[in-house]
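Student: Hey, can we go through this one together? I'd like to know what to look at.

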Amino acid sequence: TRPFLRGREFMFFETHNMYATHEDVMEQIESDRQIMKRVYWDKLRLPHIFLIRPQWDKFLGANNTYVSDTLMPDGRRNQMSSTHDLGQNFAKAYDIKFTDKDGEIKYAHQSCFGPGIWRIMAALIGIHGDDNGLILPFEIAPYQIVIVPVLFSNEEENRKIIEKCDELEEELKQKYRVYFDNSNNTPGWKYNQWEMKGVPIRIELGPKDLKEDKIVLVRRTGHKTKTTLSELDQTIKQEAMALDDDIKSKAEKYFAHNTKTAETLSEIKSTIKSFRGFVKAPFCSIDKDGEGCADIIKAETEGAYVCGIPWLKEEQEQPRKGAVCAVCKKTAKHIVYIAKSW
Ligand SMILES: [Zn+2]
C-alpha cells in the first residue's frame with residue numbers, strides 16, 4: 001500500500017463549487033459526507049470518522065476543512081477525503097462575483113471537495129487484506145467467482161469435469177463476474193493465486209464432487225461449504241453476504257479496538273506508543289490558540305497529530321465537568337482525536 005500513500009504522483013478528484021450563500025456550502029459539505037459514507041461504508045466497508053480539522057491544520061485560505069479519516073493497520077490515520085469551506089475568501093482574492101436574486105452584485109461562496117482515490121485504494125487493501133493477499137467485498141470485486149477444476153490422471157473424468165466447469169461458467173456469467181481458470185497450473189497454485197487477488201468465492205470441482213453431484217464453495221475469508229447445482233445461486237448469495245459480514249465485523253472491531261481514551265499527556269504518549277491508532281483526549285481548543293498544545297503532543301509522541309473533533313454533533317463527546325486540557329491544563333473545550341498520520 002505504500003506507493004498509494006507515499007507516491008510522488010497520486011490520483012484524486014476535485015470538485016469546485018460556487019454558491020450564493022454559506023448555508024449552501026454547508027449543505028454541500030453534508031452531501032459530500034453522505035457520498036463518502038455511501039462509498040466507504042456501504043460499498044467498501046471502511047470504517048471512518050468525519051472530522052473538522054483544527055484551525056492550524058486546515059487548507060490554507062479556507063474557513064474550515066472537513067475530512068474523513070480511517071485507520072491503517074499500522075495505526076496511522078489515512079485521510080481519504082476532504083471538503084474545504086472556502087467561504088468568500090478566494091472569491092474576494094480573485095474577484096469572483098455574481099448577480100443575486102435581489103439584483104445586487106455579491107461575492108460567491110465556495111467549496112472544494114476532494115476524495116483521494118489512491119488513499120481509498122490503500123485503505124481497501126490495507127484494512128481488509130490478510131497475509132495471503134487482497135480481500136474484496138463481493139459487490140466491487142473485478143472477479144466475484146473463480147472456478148477451479150481439480151483434475152487427476154483419469155482423462156475421461158477430467159473431460160467431464162472441464163465440461164461441467166464450462167457449463168457452470170456459462171450459467172454464472174449471466175449474473176456474476178466469473179473466471180474459469182482452465183490453465184495448466186496445479187489447483188493449489190490456482191487457489192493461492194486467486195486468493196492473493198481477493199476473489200470472494202472459489203468454486204472447486206473434482207471427481208468426487210462430480211459423482212455426488214455436489215459443488216464446493218470456498219469463501220475468501222476461509223469458510224468452506226458444499227452445495228448442489230439447484231441450490232448454487234442461493235448459496236452464492238448467502239456466501240457473498242457472509243463474506244461482507246466477515247469483512248465488516250473485522251474492520252469495525254479493528255477501528256473500535258484502536259480508538260482509546262487518555263486524560264493526560266503521559267497517557268497519550270504511552271497509548272500512542274503501545275496501541276497507536278486514535279487516542280481521544282480532553283483538549284483546550286481547536287482554534288489557533290490550541291496550536292501550542294498540539295505542537296507539544298507532536299514532539300512528545302514522535303509525530304502524532306491533533307486530528308480534530310467529529311463534525312456530527314451526535315458523534316462529538318463533551319469533556320466531563322471540570323476536565324482540563326491534557327497539555328496546558330486550561331479548561332478542556334473538546335475531546336479531540338489524536339493519531340500518527342500517513
Ligand atoms: Zn491546551
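Predicted model: local features only at pLDDT ≥ 70, side-chain atom pairs only at ≥ 80, totals over all residues.

Student: Okay. Which domains does the protein chain have?

Tutor: The assignment gives domain 1 (2-128), domain 2 (138-255) and domain 3 (259-339).

Student: How many Å separate the centres of domain 2 and domain 3?

Tutor: Taken over C-alpha atoms, those two centres are 47 Å apart.

Student: Now the metal. Which residues are the protein donors of the zinc ion?

Tutor: Cys 284, Cys 293, Cys 325 and Cys 328, each through its SG atom. They lie 2.3 to 2.4 Å from the zinc ion.

Student: And what is the geometry of the site of the zinc ion?

Tutor: It's tetrahedral, with angles of 103 to 119° among the four donor atoms.

Student: How are the donor residues spaced in sequence?

Tutor: The pattern is C-x8-C-x31-C-x2-C. Cys 293 and Cys 325 link distant parts of the chain, being 32 residues apart. Cys 293 sits in helix α10 (residues 291-300), while Cys 325 is in the loop between β15 (305-310) and β16 (334-339).

Student: Are Cys 293 and Cys 325 buried or exposed?

Tutor: Buried, both of them.

Student: Which residues line the largest cavity?

Tutor: Val 146, Trp 194, Glu 195, Val 199, Pro 200, Arg 202, Val 218, Arg 219 and Arg 220. The elements giving two or more residues to that lining are α6 (187-196) and β11 (214-219).

Student: What kinds of residues are those?

Tutor: The cavity lining has five nonpolar and four charged residues, and no polar ones.

Student: Okay, pockets next. How much space lies in the largest pocket?

Tutor: About 470 Å³. It is lined by 28 residues, and Phe 10, Gln 79, Ser 82, Gly 114 and Arg 119 lie nearest its centre.

Student: Which element gives the most to the lining of the largest pocket?

Tutor: That's β4, with six residues. At least two residues each come from α1 (2-6), β4 (77-87), β7 (109-115) and α4 (117-128). By class, the lining of the largest pocket splits into 13 nonpolar, nine polar and six charged.

Student: And what is the volume of the second largest pocket?

Tutor: About 340 Å³. Its lining has 16 residues, with Lys 37, His 48, Ile 49, Phe 50 and Glu 315 closest to the centre. The elements that give two or more residues there are α2 (22-43), β2 (49-52) and α8 (232-257).

Student: Which domains does the lining of the second largest pocket draw at least three residues from?

Tutor: Domain 1 (2-128) and domain 3 (259-339), at least three from each. That lining has nine nonpolar, two polar and five charged residues.

Student: Last one. Where does Leu 51 lie, and why does it count as buried?

Tutor: Leu 51 is in strand β2. It counts as buried because its relative accessibility is 0%. As for distances, Leu 51 and Pro 73 are 22 residues apart in sequence and 20 Å apart in space, C-alpha to C-alpha.

Note on methods
Residues numbered from 1 in each chain as written. Heavy atoms only, no water. Donors = N, O, S within 2.8 Å, 3.2 Å for Na, K, Ca; no water. Tetrahedral: all angles 85-135°; square planar, octahedral: opposite > 155°, others 65-115°. Helix = DSSP H or I, 4+ residues; strand = E, 2+ residues; numbered from the N terminus. Buried < 20%, exposed > 50% of the residue type's maximum accessible area, 1.4 Å probe, protein only. 1 Å grid on protein atoms, 1.4 Å probe; cavity = no way out; pocket = protein on both sides within 12 Å on 5 of 7 lines; lining within 4 Å. Nonpolar A, V, L, I, M, F, W, Y, C, P; charged D, E, K, R; others polar. Points joined across faces, edges and corners; volume = space filled by probe spheres on them. Domains from an automatic or database assignment.
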